[in-house]
Amino acid sequence: MLAIPAIDLRDGHCVQLVGGDYAKEAVRLDDPVRVALRWVAAGFSRLHLVDLDAATGRGNNRELLREILLRAGVPAQVGGGVRDDAALDALLEDGADRVVIGTRGVEDIEWLTEQARRAPGRVVLAADVKGRAVVTRGWAKETKREILDLVREIEDLPLAGLLVTAVHKEGKMQGTDLALMEDVVDASPWPVIASGGVGSMLDLRALDDRGVAAVVLGMALYTDALDARVVAEEFAE
């Protein structure tokens, strides 16, 4: 299993939110490029970049994303507000190894299908989940679709992976939703990337044991609950 540090961008800063709540910002760092270089220096081989402002219609951090992609020197998957062809193409042109599609991909399967076929193996679908229900628009809108139903609906698409964030666990470091992740791994034809709730090496090992291909790490790294170098060494692939 591969561990991937998250760099969430808001107003030009690197932040961490608790439970997906924009009013509960637990971490704010002034230099996201420096943060990216710190994670690379610790031994991580991939980054997960999210433009929170673009995801919620509050603007964008595109120039900052570009600089991180240019300077980090490792592959990165990038998402946040990718809701048209031009946004996906721009991120690929800027150097993203993979583009993460969330809201529109979930709400518009026809468009997701088009993007996956236009860029096979380069698109990751992000399914943000509360309980088992998929949520969109920066975790603010609950859809009527459950995660396993979504997987079955799109199982033939040439995606690079499926990123499942347990929003109800996000930022709390109180353990992951193992039952959710295990069920998704069993159902998914693509590598599953887990996110939300990791607070210990035991959490990471439990995800690994359940066949999760990668895990996105946020709060536990930023608060030093996890030792970055130890994580990078054990979960390098």
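1. Basis. Residues are numbered from 1 along each chain as its sequence is written, and side-chain values use heavy atoms, with hydrogens and water left out. In this predicted model, local features need pLDDT of at least 70 and side-chain atom pairs count only at pLDDT 80 or more, while totals for chains, interfaces and linings use all residues.

2. Helix 1 against helix 3. Helix 1 (residues 32-42) packs on helix 3 (residues 62-72) at an angle of about 30°, and their axes are 9 Å apart. This makes helix 1 roughly parallel to helix 3 (angles under 35 degrees count as roughly parallel). Axes are lines fitted to C-alpha atoms, for helices over the stretch in contact, and angles run from 0 to 180 degrees between N-to-C directions. Helices (H or I, at least four residues) and strands (E, at least two) are DSSP runs, numbered from the N terminus.

3. Residues in that contact. From helix 1, Pro32, Val33, Ala36, Leu37 and Val40 meet Leu64, Glu67, Ile68, Arg71 and Ala72 of helix 3; contact means heavy atoms within 4.5 Å. By class, the contact of helix 1 with helix 3 has eight nonpolar, no polar and two charged residues. Ala, Val, Leu, Ile, Met, Phe, Trp, Tyr, Cys and Pro count as nonpolar, Asp, Glu, Lys and Arg as charged, and the others, Gly among them, as polar.

4. Burial and end of helix 1. Pro32, Val33, Val35, Ala36, Trp39 and Ala42 are the buried residues of helix 1, where buried means under 20% relative accessible area (1.4 Å probe, protein chains only). Just after helix 1, Gly43 has a positive phi of about 115°.

5. Helix 3 against helix 4. The axes of helix 3 and helix 4 (residues 85-94) cross at roughly 35° and come within 9 Å. Arg62, Leu65, Arg66 and Leu69 of helix 3 make this contact with Ala90, Leu91 and Asp94 of helix 4.

6. Strand 7. Seven of the eight residues in strand 7 (residues 123-130) are buried. Ile101 stands opposite Leu125 of strand 7, and Leu163 in strand 10 is the bridge partner of Ala126.

7. Leu221. This residue lies in helix 10 (residues 219-222) and is buried, with a relative accessible area of 1%. Leu221 touches Pro5, Arg38, Trp39, Phe44, Leu226 and Ala228, not counting residues up to four places away in sequence.

Technical notes. Angles under 35 degrees count as roughly parallel, over 145 as roughly antiparallel, 65 to 115 as roughly perpendicular and the rest as oblique. Buried means under 20% relative accessible area, exposed over 50%, partly exposed in between (1.4 Å probe, protein chains only). Two strands pair if DSSP finds at least two bridges between them.
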